[in-house]
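Please keep the sequence and the model in view while reading.

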Amino acid sequence: MSDQPSILDLKPVAHRRKRGPGALIARWVGFSLVAVLLIGGGYVFYNYQRFVSGITHIDAIPQSTDSADDDVDGQDQNILLVGDDHRPAGATQAELDKLGTEDDGGGVNTDTMIVMHIPADGSKVTMVSFPRDSWVEIPGYGMNKLNAAFTLGAQNGDDSAGAQLLIQTIQNMTGLTIDHFVRVSLLGFYNVVDALGPVDVCLINAVKDPYSTIDLPAGVSTLDAKQALAFVRQRHGLPNGDLDRQVRQQYFLSVEARKMLSAGTLLNPVKLQNVLDAVSSSIETDPGLNLLELAGQVRNLRADNIVSATIPITGTPTITVRGQKLSIVEIDQAAMPEFIASVLGTPTAYGAAVAATPAETTVTVVNGAAIRGVAQANTDALAAFGFQMQTPTSGATIAKTTISYPAGQEAQAKALAAYYPNASVISSTTATGVTLTIGTDNQAPTDPNAAPPPATEAPVETAPTPTPTSTDTPKNFGETACIN
């Protein structure tokens, strides 16, 4: 996948730079989690100022979701982690040589993008990956690959604008609110892995790829930092190309998290300080990200409570754009609401809200079922229950009926959810009010106050026919896990 030129290659922009061999490497972005886990270990509390002084800040969060106004650390957090081949200021040729690249200026296409979701109680971390070739609408630029959003926004040399455009694109695609931003370079990956020391990985089959230089047998291998780069960069020779490379990133993060939480790291002050110095000098964050508070939030997190998933897709077709062939990842937008709701769970603010009354709740119904009249029928039914109804409308087809709401309207969303108990409920940056989108499951409202129907003899159940789905099941990579 992705050997064809991207749209940016077809239409060069001013910020585009010459790319070298390093551009092929999968960009690793989990080091914000490294920092959080290690800070949570306790050692860095007295040395926190040394740690934060090495971090570079970037004004990444769009004003509409400015963390200073809307986000409160200690609540649910969505942190966008990105990796690219930008070269930190002062990188020497000797350092670049470690990467198998050259001093060519690198590039800012974000080839690794993961949303790290941390619930308010810090009990679990979910890593949601976004394929770099996802074919999406980039505001102001039309359809393009997702990894082009940062470069398009930053083409006048403003990385903050690039980060904000990428965040806006992901928020529009998923409905999620991105609270914070972390960016790491290729060199940052090498430095952190080098500080942590050798790491064990397990492969199902032997691999040998001249592009990434990886050459490993089946089974367990112990990798140094340079081999780790080759391990996460490989996509040639893998059954699913870039999609399998994403799994490698998720797997490697789990392995490294386990290593970070081990006594060999936490109880070794010299090694721990080296890792923390490597992390702080390798990442850029938005100014509102308080790693010390976040560390307190996840202080009881265990490595086996870190799970990974990939957004739903329908395939990896090759399309023609301006006469040139282009390999893309096609997003299953119809499955996105259910995926977000099932993977990230119920937002804390929604769970704590007391349901409003129907009279206090204004609802817009959207026909996402492609069934004529379904939005009007549900609008009329909800009006009869006392809801304040807006004019119904039509929208993109989705699989499951979904209730979406903006932050602050949790009570109203909960009132509507009582009448649609099987609907997915999500907090969304794109919702301007409580919105009910009827999916192809064609749910209808039921009165939660009605008496239950009289008991009848249960019919003989038959096993349902499985329905194919593109939604990735969240996975946890245990100590004995092996991958492609």
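## Basis of the description

A residue is called buried when its relative accessible area is under 20%, exposed when that area is over 50%, and partly exposed in between. The model described here is predicted.

N144 belongs to strand β6, which covers residues 142–145. The relative accessible area of N144 is 3%, and because buried means under 20%, N144 counts as buried. Between the C-alpha atoms of N144 and D133 the separation is 8.5 Å, while the two residues are 11 apart along the chain.

Strand β21 spans residues 402–405 and is covered on both faces. T402 and S404 are buried on one side, and I403 and Y405 are buried on the other. This arrangement may be read with a general rule in mind: side chains in a regular strand alternate between the two faces of the sheet.

Which strands does β21 pair with, and in what direction do they run? With β22 the strand runs parallel, joined by 4 bridges. Within this pairing, S404 stands opposite I426, and the chain passes from β21 through α16 to β22 in a right-handed β-α-β crossover. I403 has V425 as its bridge partner in β22. With β23, which covers residues 434–438, β21 runs antiparallel, and 3 bridges join the two. Here the bridge partner of S404 is T435.

## The enclosed helix α13

The buried residues are M336, P337, F339, I340, A341, V343 and L344. As background, an α-helix has 3.6 residues a turn, so residues three or four places apart point the same way. Just after α13, G345 adopts a positive phi of about 80°.

## The second largest pocket

How much space lies in the second largest pocket? The volume is about 560 Å³. The pocket is lined by 24 residues, and those closest to its centre are P337, I398, S404, T430 and T437.

The largest share, 3 residues, comes from α6.

The structure holds 3 aromatic pairs. One of them joins F385 and Y419 in a tilted arrangement, with 4.9 Å from centre to centre and 45° between the planes. F385 lies in the loop between α15 (374–384) and β19 (388–389), whereas Y419 lies in the loop between α16 (410–417) and β22 (424–427), so the pair ties together parts that are 34 residues apart in sequence. F385 counts as partly exposed at 29% relative accessibility, whereas Y419, at 6%, counts as buried.

Another pair is formed by F387 and Y419, and this one is edge-to-face, with 5.1 Å from centre to centre and 85° between the planes. F387 also sits in the loop between α15 and β19, so its pairing with Y419 ties together parts that are 32 residues apart in sequence. Both F387 and Y419 are buried. Together, F385, F387 and Y419 make up one aromatic cluster.

A contact of another kind involves the ring of Y350: the charged end of K414 sits over this ring, 5.2 Å from its centre.

Most residues other than glycine have a negative phi.

A370 is placed in the loop between β18 and α15. With 64% relative accessibility, A370 counts as exposed. N442 lies in the segment after β23. At 39% relative accessibility, N442 counts as partly exposed.

Technical notes
Residues are numbered from 1 along each chain as its sequence is written. This is a predicted model: local features need pLDDT of at least 70, side-chain atom pairs count only at pLDDT 80 or more; totals for chains, interfaces and linings use all residues. Side-chain values use heavy atoms; hydrogens and water are left out. Rings of Phe, Tyr and Trp (its six-membered ring) pair if their centres lie within 6.5 Å; planes under 30 degrees apart count as stacked, over 60 as edge-to-face and the rest as tilted. Buried means under 20% relative accessible area, exposed over 50%, partly exposed in between (1.4 Å probe, protein chains only). A charge sits over a ring if NZ of Lys or CZ of Arg is within 6 Å of the ring centre and within 35 degrees of the ring normal. Two strands pair if DSSP finds at least two bridges between them. A crossover is right-handed if, with the strands pointing away from the viewer, the path from the first strand over the helix to the second runs clockwise. On a 1 Å grid over the protein atoms alone, a cavity is a set of points where a 1.4 Å probe fits but cannot get out, and a pocket is an open set with protein on both sides within 12 Å along at least five of seven lines; lining residues have an atom within 4 Å of a point. Grid points are joined across faces, edges and corners, and a volume is the space filled by probe spheres set on the points.
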